[in-house]
Amino acid sequence: MVTAVHPRPRSVVEATTPSLTTVRLPTLRHFAPNWYASVMGTAIVANAGVALPYDVPGLRTVCEAIWALSAVLLIVVLLARGAHWLHHPDQARAHLLDPAIAPFYGCLSMALLAVGIGTVSVGRNVIGEPAAVAAAFALFGVGTLIGLVVAVAVPYLMVVRHRVTAGTASPVWLLPVVSPMVAASLGALLVPHLPAGHGREALLLGSYAMFGISLIATLVILPVVFSRLVHHGRLPLALTPTLFLVLGPLGQSTTAVGKLADVAPGAIQAPYAAGFIAFAVIYGVPVMGFALMWLVLAGAMVVRAARDGMPFSMSWWAFTFPVGTCVTGAASLAHHTGLPALRWLAVGLYLLLVTGWAVAGVRTVRGLLSGALLAAPR
């Protein structure tokens, strides 16, 4: 026997009020590790601002506020990513096994290190030098450890677990291997805060070793990326901003060797210290030249993609941190050479950085309020 069940008639209020089951609120299920890029991009605005070779009235105060914002963003994103792993472990594991998303785990390390650099170079006037140095050492330790693990783990996954097909290489592949270079820059800032002796020398040479890890890995990956562009054409519109990621290892390596050269005389014997100072210029000038060439090339591709309707996505944060490393790289070269042209280059790049940060920041807030950035990818 079949019993027909007639639904209870709904009242006018019930008919016009959506039930909780029909309202879809944004969740953290699709909160991927690429969100750490917003922390990196914000921190570098403060770090690059205080590195400029000109004293602009009020700039340091603004940079201190931006550094504080980056620290808050770091905490928020860390909590959100922790909640993502706790409540959506299946999606978190899927991200690790996705060759398009897994490289962004390198952003976690760089976010920690970028805020650490800002803590010791910007935040010391806000929280006091002892607290700033202690926090920077903590961020350095955690960020360096994570960066070294990711620099090995992600390439390992790409070889043994990921399904990487021909023509899928992108500048995103650089993200896991750049973080040791950022660690080298922070290590240079921390060298003077260690007692004179073997500790300083070990941190100095360890930072140079991390510089080498990133540099050689970049020299391996970059030809693959350029080969993909030449043989398979331009990147998809949404990924076009990632072309700016190539600037990251270029500008950061120039910054790293410059900062390490600054502290070398107090950490290692004279012959080597002088060699490191010379190396900062000999290495930095040609690398910065290539960075400027790539900036123009990537910029031309972005302009073309924008004309074709390039949509906003979190990839737009690639316009921030990589450009910021070029600012600090140019400022370091200006310090070592005294050339006015390099000083003006640093200022020009900083204006480009601030513009990119403002655009990416406004569009990100707008995407969060609308829920579009937390929606499932299409």
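Leaving out residues up to four places away in sequence, Leu237 touches Ala305, Asp308, Gly309, Met310 and Pro311, a touch or contact here being heavy atoms within 4.5 Å. The model is a predicted one, so local features need pLDDT of at least 70 and side-chain atom pairs count only at pLDDT 80 or more, while totals for chains, interfaces and linings use all residues. Residues are numbered from 1 along each chain as its sequence is written, and side-chain values use heavy atoms, with hydrogens and water left out.

Leu237 sits in the loop between α9 (198–232) and α10; helices are DSSP runs (H or I, at least four residues), numbered from the N terminus. With a relative accessible area of 26%, Leu237 is partly exposed, a label that falls between buried (under 20%) and exposed (over 50%), using a 1.4 Å probe and protein chains only. Val302 is 65 residues away along the chain, yet its C-alpha atom is 8.5 Å from that of Leu237.

A cavity is a set of points, on a 1 Å grid over the protein atoms alone, where a 1.4 Å probe fits but cannot get out; a pocket is an open set with protein on both sides within 12 Å along at least five of seven lines, and lining residues have an atom within 4 Å of a point. Searching the whole structure turns up one cavity of 30 Å³ or more. The largest cavity holds about 40 Å³ of space, volume being the space filled by probe spheres set on the points, which are joined across faces, edges and corners. Its lining splits into five nonpolar residues, one polar and one charged. Here Ala, Val, Leu, Ile, Met, Phe, Trp, Tyr, Cys and Pro count as nonpolar, Asp, Glu, Lys and Arg as charged, and the others, Gly among them, as polar.

The second largest pocket comes in at about 630 Å³. Of its 30 lining residues, Ala51, Ser121, Leu189, Lys259 and Asp262 lie nearest the centre.

As for packing, the largest nonpolar core takes in 116 residues, with Val115, Phe140, Leu204, Phe244, Leu247 and Tyr350 making the most contacts inside it. Helix α11 (residues 270–307) is the top contributor to this core, with 12 residues. Such a core is a set of buried Ala, Val, Leu, Ile, Met, Phe, Trp, Tyr and Cys residues joined through side-chain atoms within 4.5 Å. Beyond its neighbours within four places in sequence, Val115 is in contact with Val39, Ala43, Trp67, Ser70, Ala71, Leu74 and Leu139.

Helix α3 (residues 59–87) holds Leu78, which is partly exposed at 34% relative accessible area. Setting aside neighbours within four places in sequence, Leu78 is in contact with Tyr36, Leu108 and Leu112. In the loop between α3 and α4 lies His88, which counts as buried at 17% relative accessibility. Not counting residues up to four places away, His88 touches Leu28, Arg29 and Ala83.

Key. Helices (H or I, at least four residues) and strands (E, at least two) are DSSP runs, numbered from the N terminus.
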